[in-house]
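Please read these points with the sequence and the model open beside you.

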Amino acid sequence: MATINDNYLKLKAGYLFPEIARRVNSFIEANSDAKIIKLGIGDVTEPLPEACRTAMIKAVEEMGDRNTFKGYGPEQGYAWLREKIAQEDFQARGCDIDASEIFISDGSKCDTGNILDIFGKDNIIAVTDPVYPVYVDTNVMAGHTGSVNERGEFDGLVYLPITAENNFTAEIPSQKVDLIYLCFPNNPTGATATKDYLKTWVDYAKANGAIIFFDAAYEAFITDSSLPHSIYEIDGARDCAIEFRSFSKNAGFTGTRCALTVVPKTLTAKASDGSDVEIWKLWNRRQSTKFNGVSYGVQRGAEAVYSTEGKAQVRALIDFYMENATIICEQLKAAGLSVYGGVNAPYVWVKTPHGLSSWDFFDKLLQTCNVVGTPGSGFGAAGEGYFRISAFNSRENVNEAMKRITEKFKV
Ligand code: MLT
């Protein structure tokens, strides 16, 4: 008799965003003329930059010519893209990262889950609360947790609460942990990390032989020039951190798929016999076996992000979404709501009005304003009483959504 991975039975019925989509679809079925505005999942709405499209079209033409046709590419990504990224995203910021330490992939969501393949089962894992749910769910799937309690917390994970009191930045845990997920600019709260703050984590990780999984998917949205874009801007991070980045949000690649993971060659962890093993070698082995790389055309599109035109077009996209974020923050504040984030991140984290629970506010907003957001409690127990609004939408929709919300929810 075939059996299943029982760990899947510990998970909530649905992943957060499909669950939201399910509720929205059933509302639409019953209210077919409702003009729904979606500010829930952080999915981009604006067209791909022209430089990326031009590069992809050219790449498709190359695939149609025997002389320039490409079969399998390198599992790690083409050297020309990895070198561009190393220079522009890391070396230009003083980070000691070599192109060979960059692995191109089809998404940060996939990589933050896949990375667990190469780590042991007995690591103590720390996540913030609230947190991007993929970090928790993939650990559950991998059998790294026990069962879930009524607050939605899994036995075996160390939850680090992030609240308005600590500026949505987790405190260093009092106990020893081995793997730590940090995401800055933060999804879902929009909070940021200073260099000094990240240094405390790097020092902790080095002192405890821990590894930080640093999710920098939103680094392009940083507007404050004093804030670090990469954990490798912190001395010592090469020895204790893996960084995840994506082209999804800066260049609008959510439907195109391209991302990268940085695994420094100096990063090691212990094998069960006590020896030190290079993480890079394991990740390279894993990727070479389980992954065949991102398509040639998409990698050419990603490379175009670093061209002069590409940089200007990506900047314009980011500025556009950040203007949306400013509108959302200003309108909601004017209506008397407490808002956080939205300054260096495309997410605005809102305290629900009138003491409503996150899901009650979700339902109210859907029913009375036909606006979709994301309930804070979907990101963890400490997100209860909060709500996330994404700045990814057209200006028209953002203005209309704010008009509807502020009319109904003036505090
Ligand atoms: C989100 O809304 O949190 C993001 O879209 C999730 C993701 O990028 O996978």
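1. Helices (H or I, at least four residues) and strands (E, at least two) are DSSP runs, numbered from the N terminus. P188 sits in the loop between β5 and α6. The model is predicted: local features need pLDDT of at least 70, side-chain atom pairs count only at pLDDT 80 or more, and totals for chains, interfaces and linings use all residues. Residues are numbered from 1 along each chain as its sequence is written, and side-chain values use heavy atoms, with hydrogens and water left out.

2. Two cis peptide bonds deserve a look. One joins N187 and P188, with omega about 20°. Another joins F184 and P185, with omega about -10°. P185 lies in the loop between β5 (179-183) and α6 (195-208). As background, most peptide bonds are trans, and most residues other than glycine have a negative phi.

3. N167, in the loop between β4 (157-161) and β5, has a positive phi near 60°. N370 also has a positive phi, of about 55°, although it is not a glycine; N370 is placed in the loop between α10 (358-369) and β13 (371-372). Are they buried or exposed? Buried means under 20% relative accessible area, exposed over 50%, and partly exposed in between (1.4 Å probe, protein chains only). N167 counts as exposed because its relative accessibility is 59%, whereas N370 is buried because its relative accessible area is 17%.

4. N324, in helix α9 (residues 308-334), is buried because its relative accessibility is 0%, and its side chain meets that of R395 at 2.7 Å. T261, in strand β8 (residues 259-262), also counts as buried at 0% relative accessibility. The side chain of T261 contacts the side chain of D111 at 2.6 Å.

5. L227 belongs to the loop between β6 (211-215) and β7 (241-246). With a relative accessible area of 6%, L227 is buried.

6. Which residues are around the ligand? They are F17, I41, G42, K109, Y132, N187, Y218, K249, Y347 and R388, where being near means having a heavy atom within 4 Å of the ligand. N187, which is also part of a cis peptide bond, has a polar side-chain atom 2.8 Å from an oxygen atom of the ligand. K249 likewise has a polar side-chain atom 2.8 Å from a ligand oxygen. For R388, a side-chain N or O atom is 2.6 Å from an oxygen of the ligand. The ligand taken alone exposes 270 Å², and the protein buries 85% of that (accessible areas come from the Shrake-Rupley method with a 1.4 Å probe; for residues, only the protein chains shown count as cover).

7. The shell around the ligand draws at least three residues from each of domain 1 (13-42 + 309-408) and domain 2 (52-306). These bounds come from an automatic or database domain assignment.

Terms used. Polar contact = N/O pair within 3.5 Å; in protein donor to acceptor, adjacent residues only side chain to side chain.
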